[in-house]
Every structure is written in structure tokens, then in C-alpha cells.
Amino acid sequence: MIPCRLRNSWLKHITRKKLPCEPNLKRPKKQKKQEHKQQLDELKEVLRMKESEMQANTDALRDYYKKIMHEKDALLRNKESEMKTTISDMEQTYQAAIEEREGTLEEQENRMKNCIETLQKKHEVTLRELMQRQQQKEDKMRSSMDNLKETHEALLQEAVAGHRQKEAEMSLSIDELKRAHQAELKEKEHKMKESIEVLRDTQEAALREMESVHKQKETELREFVESLQRTHKRVLDEKDAAQKQAVKMLEQQLSDKESEVRSRISNLEQNQQRAVDEIEKSFRLKEEAAERAASESAAFLRQQETSLREMVHSLQRQLDEKEANLRDTIQSMQLLQNASSEQLRLEQQRVQRLETEAEDLRNRSIANLQRADQSEAELVSTRHQMHDLQEREQQRIQRLETEKEQLAEKASERQAALQEELIRLKMLAKRFEEEAISLKASVDAKQAQCEKLSMERDALKVEFRSYKEHHGTSNQQQMEAITELKLTVDKLSKQVDFTKAELQIQQGNLTQRQGYIISLENQLAQAELTRRELHNVIQELKGNIRVFCRIRPQLENRDSLSLQVSENRIALDHMSESYTFGFDRVFDTTSTQEAIFDEVDGLVQSALDGYKVCIFAYGQTGSGKTFTMQGSEGARGLIPRCLSKILQCSEAMRAAGWEWTLKVSFLEVYNEVLRDLLDNDGSNLVHVIKHDDAYGTMVTNVTSVEVKQMDHINRLMERAGKARAVGATDMNATSSRSHSIFAMYLHGVNRELQCELQGALHLVDLAGSERLDKSGSTGDRLKETQNINKSLSSLADVFLAKAEGRSHIPFRNSKLTHLMEPCLNGQGKTLMVVNVGPEAMHAHETLCSLRFAAQVSQCTTGGKPKRCLRSAPPKSNTGSCRQAAASSRRGK
Ligand SMILES: Nc1ncnc2c1ncn2[C@@H]1O[C@H](COP(=O)(O)OP(=O)(O)OP(=O)(O)O)[C@@H](O)[C@H]1O
């Protein structure tokens with residue numbers, strides 16, 4: 001409080017202070033000066049007074065200040081103690097509040113912890129389940145991959161072995177062929193050479209003979225001609241000689257006679273006249289004699305000549321005859337020669353022909369050899385191709401495997417990372433929460449402090465203002481304290497702001513982390529989706545029509561058939577011939593229902609993925625089709641197992657936002673008429689087969705029952721079993737006399753994912769194929785058997801047309817094939833189980849069934865299986881939608 005005395009003096013001073021400032025313009029300057037001087041003096045006086053007053057005041061003020069200071073100190077001490085008490089109170093209340101808060105926080109923490117623990121547990125359970133499922137799936141995938149790999153490797157090895165065997169066989173057969181061919185060729189050549197040589201020999205011999213004969217004949221002829229000529233010559237010579245001799249003689253005689261004559265003439269000349277006459281006479285006589293002799297000799301000569309001529313003629317005739325004979329012989333010989341030359345020519349032609357044939361054969365064998373070489377080369381290239389294919393397949397498998405491994409690794413890594421991240425995030429969240437709580441508490445405390453301080457500040461301000469108002473002076477310490485307080489307040493508010501900002505950042509981080517967790521969850525869902533796709537790819541890699549073979553246990557007192565079974569091969573001996581068949585799986589007599597279902601599991605999953613799936617059993621009567629499909633008490637078959645699996649899976653998917661509607665129908669094709677096995681009323685309505693995109697096959701007027709429980713299905717199956725056409729044949733006491741088709745139509749909707757799935761599972765138990773003579777059927781049974789065989793042969797026709805790649809597939813030839821069309825025409829996934837009996841008496845039927853199955857296993861449905869997946873309208877509730885979408889993503 002400011003004392004009243006001091007205040008009055010201070011007010012006086014203020015009022016007085018204004019006096020010298022008043023203007024007085026009307027007064028003279030001197031006066032003004034004097035007045036000024038006076039005023040100054042007054043003022044000096046006043047100042048002196050004031051100074052003394054001030055001094056007094058200051059002293060008073062000092063005292064007062066001291067007093068005030070004491071008071072202030074006391075006040076401050078009081079305040080301090082008050083503050084201390086209030087602080088301690090506040091601290092206590094704060095402590096209490098903190099404790100309370102801590103209690104609630106602890107409670108909350110505990111609740112949170114519990115929540116987190118339960119969540120963690122749930123998460124761990126789901127994670128474990130997921131991991132287990134993943135592990136199971138991975139195991140399954142690994143096992144199926146291993147199986148596939150093994151099958152593939154076995155197939156490859158078999159193919160390679162077969163190939164090698166074939167190669168060896170082919171090379172052997174080629175070698176054999178070559179050898180045989182060469183041997184044949186050599187033999188033929190040899191034979192031909194031999195025959196040629198024989199021919200040549202015979203020909204040469206004949207020729208030689210002929211030549212020798214000819215020569216002989218010729219020599220004979222020549223000799224004969226020569227002898228003839230010689231004789232003729234001799235005769236001629238003799239004749240000539242005789243003629244000459246005779247002529248000589250005659251000439252001699254003539255000359256003698258001439259000389260005689262001449263001598264006589266001369267003698268006569270001497271006796272000219274006398275003698276002339278005589279001579280002339282004798283001459284005449286002589287001449288006459290000579291003439292006579294000449295004529296005689298001429299006649300003789302002529303005679304001789306004629307005889308000679310005759311002789312010559314005869315000889316000539318003989319010669320001619322001989323010549324003619326010879327000519328004839330020569331002609332005959334020539335003819336013979338011609339014939340032989342003709343024969344020779346023919347032989348030569350034959351030889352030529354044979355030679356050309358041999359040449360042809362040689363060429364052909366060369367061509368064969370070339371072809372063999374070519375085929376060898378082709379074989380080599382095929383081998384290379386096979387090798388390439390093998391390598392590619394192996395690479396593909398390896399790639400798939402590595403992809404799978406990578407995926408699995410990634411998935412496990414992601415899972416581990418996720419888990420770590422989750423743990424870390426949980427810890428972070430916890431820490432953040434703690435920090436947030438502590439920060440909040442500190443902020444609250446600081447805010448409270450701040451408020452308190454600001455209140456104090458305000459109070460102090462008010463006080464100061466009043467103090468200022470009252471005292472007009474500033475208290476340095478107060479000011480300092482105030483500035484200090486201000487600074488503290490600023491610092492505190494800055495700290496609060498900073499903490500708030502930090503809190504915001506951490507909250508941002510938290511939301512970021514949450515987003516990261518969601519993205520990781522999405523990635524996990526994506527990985528699961530990829531795994532599923534991979535699974536489908538693997539299923540499709542296995543082939544659209546897969547064929548399993550199952551051998552029934554042997555019946556008692558029956559001879560067994562020689563069967564060798566491996567995992568995917570079956571070999572049987574029949575009529576001293578060995579037959580080997582390869583299938584996707586072969587189950588021996590010891591195989592269990594579980595083992596078969598394990599292989600079918602994937603296909604069932606496909607039905608839930610929106611595919612049309614068909615599993616059918618084929619085989620001879622009594623081979624175990626019904627046992628495989630429906631099973632018996634304690635050994636459930638494929639139908640109940642598949643349905644139970646679908647129910648389980650659909651239930652599991654329901655948790656992930658899927659709503660499933662499962663409807664079943666049970667039909668039989670009996671004598672080419674469709675019968676509804678679930679029809680209670682016996683209405684005998686007409687059933688028409690229709691195909692639709694969603695479910696494949698739909699039959700009009702057929703009873704379709706919605707199912708939710710396995711018990712319900714079992715009851716329906718029982719009812720259908722009773723209604724089914726069964727009769728006794730020579731082959732089976734309870735033979736199925738119709739084809740039964742159990743169909744399940746699956747309709748799944750996920751409003752959160754806005755999608756809708758429609759799949760179908762057809763489980764077909766065909767009637768047994770049987771020979772009429774063996775079945776012992778008569779009457780109605782005979783008609784049944786005929787109809788069964790007709791529809792089975794229609795099924796065989798369908799597969800044959802498929803195997804041959806025909807454009808038209810005769811699906812409409814029977815009710816059975818018409819019903820199965822959507823699964824066999826490329827839209828669906830099909831599995832055939834061929835059942836066979838191991839008895840020797842069924843060897844032929846077993847062989848036929850295996851042949852048919854082998855033909856089916858060569859077929860593909862001719863298209864990629866279609867998945868019926870459509871978009872569905874979203875759910876209206878968006879809050880739960882997100883949750884369900886996330887959980888369904890996780891479920892997916
Ligand atoms: N794997 C098996 N294990 C044990 N018993 C089997 C097996 N397969 C078949 N059987 C038995 O063999 C008999 C004939 O089997 P099933 O009735 O299934 O043959 P099917 O091929 O369906 O004959 P159908 O021509 O009448 O349709 C039945 O008694 C059945 O229990």
C-alpha cells in the first residue's frame with residue numbers, strides 16, 4: 001500500500017510542474033524576465049524543497065521499500081510456503097491423480113496387454129494355422145512337385161530308357177535290318193551270282209557244248225566237206241590224172257600214132273599215093289579209130305565225166321544233203337543258238353532284271369540305309385529335341401521349383417519380417433502409447449503448471465499493475481522474476497508444442513506403420529494368391545485329363561494275373577505278350593481310400609475356385625468303381641470325402657467373408673433314360689440336359705437339395721443308393737446297372753471382395769463294361785448290358801475323336817457323354833480312375849480297360865479350364881467391409 005502522504009506530495013508535484021509552462025504573451029519582456037527569474041528562484045526553492053522532500057520521500061520510500069521488501073519477502077515467503085503447500089497439495093492431488101491415472105492406465109495397459117496378448121495369441125494361432133496350412137500346402141506342393149518331379153523324372157527316365165531301348169531296338173533292328181538286308185542282299189547277290197554263274201556256266205556250258213557241238217559239227221562238216229572235197233579233189237585229181245593220163249596216153253598214143261602216122265605218112269609219103277590212100281585210109285581208119293578212140297575216149301571221158309559228174313552230182317547231192325543237213329543242223333543249231341541266245345538274252349535280260357532288281361534292292365537298301373541314317377539322324381535330332389525338351393522341362397521344373405522356393409522363402413521371410421515387424425510395431429505402439437501417456441501426463445502437468453503459472457502470472461500482473469498504479473515504480477526483482485516466469489512459461493509452452501509435434505509425428509509414424517502392416521498383409525494375401533495360381537498351374541501342368549489306375553485286391557480262389565506295378569506304370573502279361581501302360585498314378589491292391597483322395601484333393605479345391613470338375617470311375621464290372629467312388633462302411637470313397645472337404649473348406653472360407661450355397665443332385669442314366677435319384681415323389685418328370693456357363697451341365701426338373709452338413713449328404717446318398725438300379729450278374733452280385741452322376745453346385749459370394757464364384761463337381765460312377773457272353777445277361781439284363789456298352793462305346797468314341805483331333809466330337813451320341821460334355825470339352829478339369837481286377841480270368845477286360853485309359857491319358861480336353869468368377873454387388877456396411885476385406889484377403 002502506498003502511504004497517503006507520499007501520494008499527496010507526488011500529486012502536488014505533478015500539478016505544480018505544469019505552472020511554469022503557461023504562456024503569458026501580454027506581459028513586457030523585462031517583467032517577463034523578472035517573472036522568470038522569480039519563478040526560477042521559486043522553482044529552485046521548490047526544487048530545493050522538493051529535493052529535501054524527495055530526500056525525505058526517498059528515505060521514507062527506502063524505509064517503505066525496506067518495509068515493503070520485508071513485507072514482500074514475508075509475502076513471498078508466505079507465497080512460497082503457500083505455493084509449496086499448494087504445490088505439495090497439487091503434488092499430492094497430482095500424485096493421487098497420477099496414481100489414479102496410473103491405476104487406470106495400468107488397468108488400460110493390462111486390458112491392452114490382455115487385448116494385445118489375445119490378439120497376439122489369435123494372431124499367433126492364425127499365423128501358426130496359416131503357417132501350418134502354408135506348410136501343409138507347401139508340403140503338399142512339395143510332395144506333389146516331388147511326385148511330379150519323380151513322375152516326370154520316372155517318365156523322363158522311362159521315356160529315355162524307352163527311347164534308349166527303342167533306340168537300341170531301332171539301332172538293333174536297323175543293324176539287324178541292315179545285316180538282314182545286307183545278308184539278304186548278299187544272299188540274293190550270291191544267289192544271283194550263283195544263278196548268274198550257274199546260268200553263265202550252263203550257258204557257257206551250253207554254249208561251250210553248242211560251240212563244241214557246233215565245232216564238232218563244223219569240224220565234222222569241215223572234215224566231211226574236206227574229206228568230200230578231198231575225195232572230190234582226189235576223184236577229180238584222179239579223174240584229171242586219169243583223164244590227163246588218158247589224154248596223155250591218148251596224146252601219147254596220138255603222138256605215137258601221129259608219129260607212127262607221120263612215120264607211116266612219111267613212109268607212106270614215101271609211098272605217097274599208095275600209102276596216101278593207105279595212110280589216108282589208115283589215117284582215116286586211124287582217124288576213125290582216133291575219132292572212135294577219141295569218141296570212145298570222149299565217150300569214156302564223157303562216161304567218166306558223167307560218172308564223175310554223177311559221182312560229183314551224187315557227191316554234190318550228198319554234199320548238198322550234207323550241206324542241207326548241215327544247214328538244217330546249222331539252222332537247228334542256229335535255231336538252237338537263237339533259242340539259246342534268246343534264252344541267253346532272256347537270261348541276260350533276267351540277269352539284267354535281276355541286276356536292276358539287285359541294283360534297285362541295293363539302291364533301296366542304300367535308300368533304306370540312308371533312310372535309316374536319316375531316321376538315325378532324326379532319332380538323334382529327336383533325341384536332341386527330347387534332350388532339349390527334357391532340359392527345358394527340367395529347367396521349367398527347376399524354375400518352378402526355384403520360383404516356388406523363392407515364393408516360399410519370400411512368404412516365410414515376409415511372414416518372419418511381418419512377425420518381427422508386428423512385434424516391433426507392437427513394442428513401438430506400446431512404447432508410443434506409454435510415451436504418449438507419459439507425454440500426455442507431462443503435457444497435462446505442464447499445462448496445469450502452465451495454467452497455474454499463467455494464473456500466477458496474471459495475478460502477479462494484476463498485482464504488479466496495482467503496485468505500478470500505486471507506486472509508479474518498477475521492482476527490478478519482480479520484473480526479473482516475472483521475466484523469468486515468462487521465460488519459464490515460454491519454455492514450457494515451447495516444450496509443450498514440441499511434445500505435441502513429436503506426439504503428432506509419432507502418431508503419423510504409427511499410422512504409417514499401420515499402413516505398412518496392412519500393405520504387408522496385402523502382400524501376404526497376394527503371395528497366397530500367387531501360390532494358389534501356381535497350384536492351378538501345377539494342376540494344369542499335370543494335364544487336364546488325368547488318369548489314375550487302381551487295382552482291386554484279388555478275389556479268393558482265383559488265379560492271379562501277372563502284373564508289375566510301379567508308382568505310375570503298370571505292366572501285364574497276357575497270351576505270352578507283355579503290355580506296359582503309363583498313367584498319372586497307379587494304385588496297387590494295397591492302396592487306401594485316403595491315398596487316392598490325397599491325390600484328388602487339389603481338384604476339389606479347384607471346384608471351390610470356380611472350376612467345373614469331373615471325376616469318373618471306369619472299369620469292368622466288379623473292378624471296384626463303386627468302392628472307389630462311394631466306398632463302404634469304414635472306408636469312405638471319393639464322393640463322401642470330396643463333399644466333406646468342400647464343406648470344411650467352404651466353412652473355413654465363410655470366416656473370410658465368403659457366403660456359400662451348396663446344392664446337390666443325384667442322377668442315374670439307366671437304359672439311356674435320366675432318372676432323378678433324389679425324387680421322393682416318383683413324379684417321373686422328363687429331364688432334359690442343358691449346358692450353362694456357370695455350372696456346365698444342368699438337368700431340368702431334377703431335385704436339387706441345399707446342403708450344409710455331412711449328415712444331410714449321407715442321408716441323401718443313402719436315399720439315392722436305395723433308388724439306384726443294381727442287379728446281380730455273373731461278374732458282380734451287386735452290379736451297378738446304370739451310370740450314376742452325383743453333382744454338387746457351388747455358389748460363393750464375397751461382398752467385401754465384390755466377387756462371386758460358381759463351380760461344379762461331378763462325381764460319376766460308371767456302370768461296368770462287360771462282355772455279353774461273360775455277363776450271362778438275358779432279358780432285361782441283356783438290354784441293360786447293351787445300353788451300358790453302347791454308352792461306354794460312345795464315351796470311347798468321344799476320346800477317340802479327341803485323340804485324333806477331329807473337329808466334331810460326338811458328345812450327343814449318348815446321355816452319358818452329353819452330360820459329361822462341359823467337363824470333356826476343354827472348360828473343365830477331368831480325372832478318370834480306371835479300375836481293374838488282378839485275376840487272370842479278367843486279363844482281356846483288364847487289358848481293354850487299360851488300353852482305353854491309355855487312350856484317355858493321351859487326350860487333353862482341348863482348352864484351358866474356365867473359371868466362373870464374376871463381380872458381385874458390394875455390401876452396404878462399409879465399416880465392417882474393410883475389416884472383412886482385410887480378413888478375406890488374409891483368408892485368400
Ligand atoms: N480296393 C478294394 N478294396 C477292398 N474291396 C474292394 C476294392 N475294390 C472293390 N472291392 C470289392 O469288390 C466288390 C466289387 O466292387 P464294386 O461293386 O465297387 O465294383 P464295380 O466296378 O462298381 O462293379 P459294377 O460293375 O457293378 O459297377 C465289392 O464287394 C467291393 O467291396
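1. Serine 623 first. In this predicted model, serine 623 counts as buried because 28 C-beta neighbours sit inside 10 Å, and the cut-off for buried is 20 or more. Its place is the loop between strand E6 (612-619) and helix H6 (625-629). Leaving aside residues up to four places away in sequence, serine 623 touches Arg552, Gly768, Asn835, Val836 and Gly837.

2. Serine 623 also carries a label from a record. The UniProt annotation "binding site", from an unreviewed entry, covers Gly619, Gln620, Thr621, Gly622, Ser623, Gly624, Lys625 and Thr626. Bear in mind that such annotations may be inferred rather than shown by experiment.

3. Is threonine 626 buried or exposed? Threonine 626 is buried, with 26 other C-beta atoms within 10 Å. This residue is found in helix H6, and it touches Ser736 and Asp765, again not counting residues up to four places away in sequence.

4. Now for serine 560, which lies in the loop between strand E1 (545-551) and strand E2 (563-565). Serine 560 is partly exposed, since it has 13 other C-beta atoms within 10 Å. Which residues does serine 560 touch, not counting those up to four places away in sequence? They are Gln554, Pro838, Glu839 and Ala840. Take alanine 840: serine 560 and alanine 840 are 280 residues apart in sequence, yet 4.9 Å apart in space, C-alpha to C-alpha.

5. Next, the sheet that includes E2. E2, E3 and E4 form an open sheet of 3 strands in the order E2-E3-E4, with antiparallel pairing. E2 and strand E4 (577-582) stand at the edges with a single partner strand each, so one side of each has no neighbour in the sheet. From one strand to the next, the twist averages 15 degrees. As a reminder, strands of a sheet pair through backbone hydrogen bonds, either parallel or antiparallel.

6. Here is some detail on that sheet. E2 pairs with strand E3 (residues 569-574) over 3 bridges, in the antiparallel sense. Within this pair, valine 565 stands opposite isoleucine 570 in E3. Helix H12 (residues 843-857) packs on the sheet and touches E3 and E4. The direction of H12 makes about 145 degrees with that of E3.

7. Why is E16 (residues 739-750) largely enclosed by the rest of the structure? Because 10 of its 12 residues are buried. E16 has antiparallel pairings with E9 and with E17.

8. Taking the E16 partners in turn, strand E9 (residues 659-670) is joined to E16 by 11 bridges, and valine 669 stands opposite histidine 739 in E16. Strand E17 (residues 755-765) is likewise joined to E16 by 11 bridges, and phenylalanine 742 has leucine 763 in E17 as its bridge partner. E16 and E17 make a hairpin with 4 residues between the strands. In that hairpin, glutamine 754 takes a positive phi near 55 degrees.

9. Of its 10 residues, 8 are buried, so H11 is largely enclosed by the rest of the structure. The buried ones are Lys815, Leu816, Thr817, Leu819, Met820, Pro822, Cys823 and Leu824. After H11 comes glycine 826, with a positive phi near 105 degrees.

10. The unreviewed entry lists residues 29-60 and 87-271 as "coiled-coil region". In the model, residues 29-60 are 100% helix and 0% strand. The end C-alpha atoms of residues 29-60 are 42 Å apart.

11. Finally, confidence. The chain has a mean pLDDT of 74, with 65% of its residues reaching 70 or more. Over residues 1-11 the pLDDT is below 50, and this stretch has 9 contacts in the model beyond near neighbours in sequence. Residues 13-25 stay under 50 as well, with 4 contacts beyond four places in sequence. For the model as a whole, the scores are ipTM 0.97 and pTM 0.44.

Technical notes: Residues numbered from 1 in each chain as written. Predicted model: local features only at pLDDT ≥ 70, side-chain atom pairs only at ≥ 80, totals over all residues. Helix = DSSP H or I, 4+ residues; strand = E, 2+ residues; numbered from the N terminus. Pairing = 2+ DSSP bridges. pLDDT = per-residue confidence, 0-100. Contact = placed C-beta atoms within 7 Å. Axes fitted to C-alpha atoms, helices over the stretch in contact; angles between N-to-C directions.
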